Amino acid sequence: MVLFALAVVGFALFYRLGSLPLIQPDEGRNAEVAREMKESGAWLSPSYDGIAYLDKPAFYFKAVALSLAVFGDNETAARLPSALFALALLAVTLAFCRHAYGTRCAILAVIVVATMPLFMVNSRTVIFDIALALFVSAAIFAGFRAEENEAKSRRHWYLLGALAAGLATLVKGPVGFLLPVLVLLVFHRLEGRRGAWKRLFAPLNFIVFFGVTLPWFIGLSLQHPDFPYYGLVEESFHRFTTASFHRTQPFYFYGLIVAGLFLPWSLILPEAIFAWWKNKKSMLSADRLCLVWAVVVVVFFSLSKSKLPGYILTVTVACGILTARFFDHAMAHPGGKAARIVNHAALIMAILSFVVAVVGLILSPHVGLFAKPLRLSVADAAELGHGLIVPGILLLVFAVLGLLACLRSDTGLCFFVFATLPLLLFALSLGMIAVVFNTKSARQLSQTIPALAPETKLVFLECFPSGLPFYLHRTATLVTTDGGEITSASNYILFSLQHNPAWPANLVPLTNFDRWISQRKTPVYLVARTNDRPELGAIGVQPTDIQTLTPPYLGVLLTAQ
C-alpha cells in the first residue's frame, strides 16, 4: 500500500510537469510576475510587465521566483512550487489522518486526495490556490488538535494554527484566515465547546498572526498608499459581494464542481453521506470536522458573487478524508453497508465509463465539425478527435474492471480502479490537452517571433497576450486606449489607471502612438491583431514587412529611427 501511494503521488504531481505550455491568462501572468521578481530582486512589491501588480501578495511569487532562479525560466520550474505545496499538503493530511484514524486510513486518504481531478489540476498549475489550501488545511488541523490537548500543548497547537493562517493570508489575502476561523468556530460550536472561541482568539495567537502578516502589509502600504483600500475593499470585499470581477455563477455551481471534479470519488459521496447521517452517533470527532469543513467552505463560496473551481480546493482534503474513512471501513467489513455502497459506486462508474467511451469513440471522426464552437482550427479540432480514441479504449477497459470489482464485491479492486482511472486518463489524454493548451498559450506565438536583440523593445498594439513576456524574457510596452487589454491579467493595474492620471512608462496612450513610435531610439518588435493592419499602414509599415504569427496576431520589426 505504501509503495502504491508513493507511485500515485509521484505520478499525479510530477509526471511530465512541464510538458504543457503555460496557459493564459493565469499561468503566463503568474510566471512572468515571478520572473520579473527574480530579475529585479523586488521581493515586497510584485510587478507585471514592469507595472506594480498588487492583485495578490508576494509570497507565492517568491516561491516561483526561487524555482526559476534555480532551474531556469521554463514551465517545469514555474510549476514546481505548486507541486511541492501539494506534496506538503498530502504530508500534512497523512499526519492528521494517522493520528485520528490510523496508518491505513491515512494512506488511503493521501491516495484519494491526490487523484481528485481538482487537486491534480491545481497541483500542476502556476496558481495560488494549492499553496492557500496547504496553509488553510494546516490551520484547521492545528485548531482541531489544539482542543484535543490541554494547557501548554493546546497553546502550541493554536500558535501553529495562527502561523499557518498568517502564511495563508500572505498567499491570498483575508480568505487565508477567514476560512479556518469559520470552519473551527462552527465545528467547536456544534461539538459543544463553548469556550473554544476564546482560546481560538487568544491574544498570543493574534501576536503570531500579525507578526507574520503586518510587516508585509505595512511595508507594501508605505510603498503603495492605495493598496490598503484596493486589497481590502476592491480585491476582497467587492470580489465577494459584487459581480464586478465577472466571475458570477449560479448558487449550485459548487455542487456541480464537487460532482464533476471529484470524480470518480464523488460517486460514493451521496450514499455515503446518507449512511453517515443515519449513523451520526458513531461518527468520530474528526469525521464531523471534515463534514463541517466541506459544508462551511462550499456554502461560504456559494454565497460569493465571484466563483471559480479552485476556491473550494480545501474541500478535496475534507471529502478525501471522509471517502478514505468509508473505504477503510468497507475493507475492514467486506459484507457491511459501506462495502455495498462502494460496490454500487463501482457499478455506476462502470456504466458512466462505458457511456462516455462509446460517445467519445462515435464522435471521434466528427469533432472537426465542431471547430467553431470549440474555438479551434479545423486541423486542431480533428487532432482533438483523433485523441479521443485511446482514452475511449481506456474507459472501456475500466468499465470492465469496475463491473468485475462490483460483481466480486472486491473493495480493494474498487479502490484500485478508482485511484488509477484519473491518473491513466490524464496520461493518455495529454495529446488532447496539449491541443487545447496550445490555443490558449503564448508559447507557440513566441516560437513564431524571430530572435530579438536585447535592445529591441517588445510592443503590443491594443492587445495583450499575457504569457508572451515570460517566453520572450522581456517586458512589453502596451499601446492602449484605457488599459482594458490588461484587465484579464490584472485588476489592480486597471484600478490604478483609473485613479492615477500619471500612466506607467510601459503604457502608451493610443492617441500618442504615432509620435511615440516615430521617436523610437531602439528597434521595436510590434505585435498587433490581424484586424489592425490599417493602423500598421498608417505608421508606414509596408505589407511585405508584416509577419503572420499564430492567429490572430501579426508582427513587424521596426528598426531604430
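Reply: Happy to. Rings of Phe, Tyr and Trp (its six-membered ring) pair if their centres lie within 6.5 Å; planes under 30 degrees apart count as stacked, over 60 as edge-to-face and the rest as tilted. This is a predicted model, so local features need pLDDT of at least 70 and side-chain atom pairs count only at pLDDT 80 or more, while totals for chains, interfaces and linings use all residues. Residues are numbered from 1 along each chain as its sequence is written, and side-chain values use heavy atoms, leaving out hydrogens and water.

Me: Which residues do ring pairs link into a cluster?
Reply: Searching the whole structure turns up 32 aromatic pairs. Some ring pairs join up into a cluster of Tyr48, Tyr53, Phe59, Tyr60, Phe61, Phe85, Phe128, Phe135, Phe460 and Phe464.

Me: Is phenylalanine 85 buried or exposed?
Reply: Phenylalanine 85 pairs edge-to-face with phenylalanine 135, at 6.3 Å between centres and 70° between planes. With 12% relative accessibility, phenylalanine 85 counts as buried.

Me: Which residue lies over the face of phenylalanine 128?
Reply: A charge sits over a ring if NZ of Lys or CZ of Arg is within 6 Å of the ring centre and within 35 degrees of the ring normal. Here the residue, 5.8 Å from the ring centre, is lysine 56.

How values were computed
Buried < 20%, exposed > 50% of the residue type's maximum accessible area, 1.4 Å probe, protein only.
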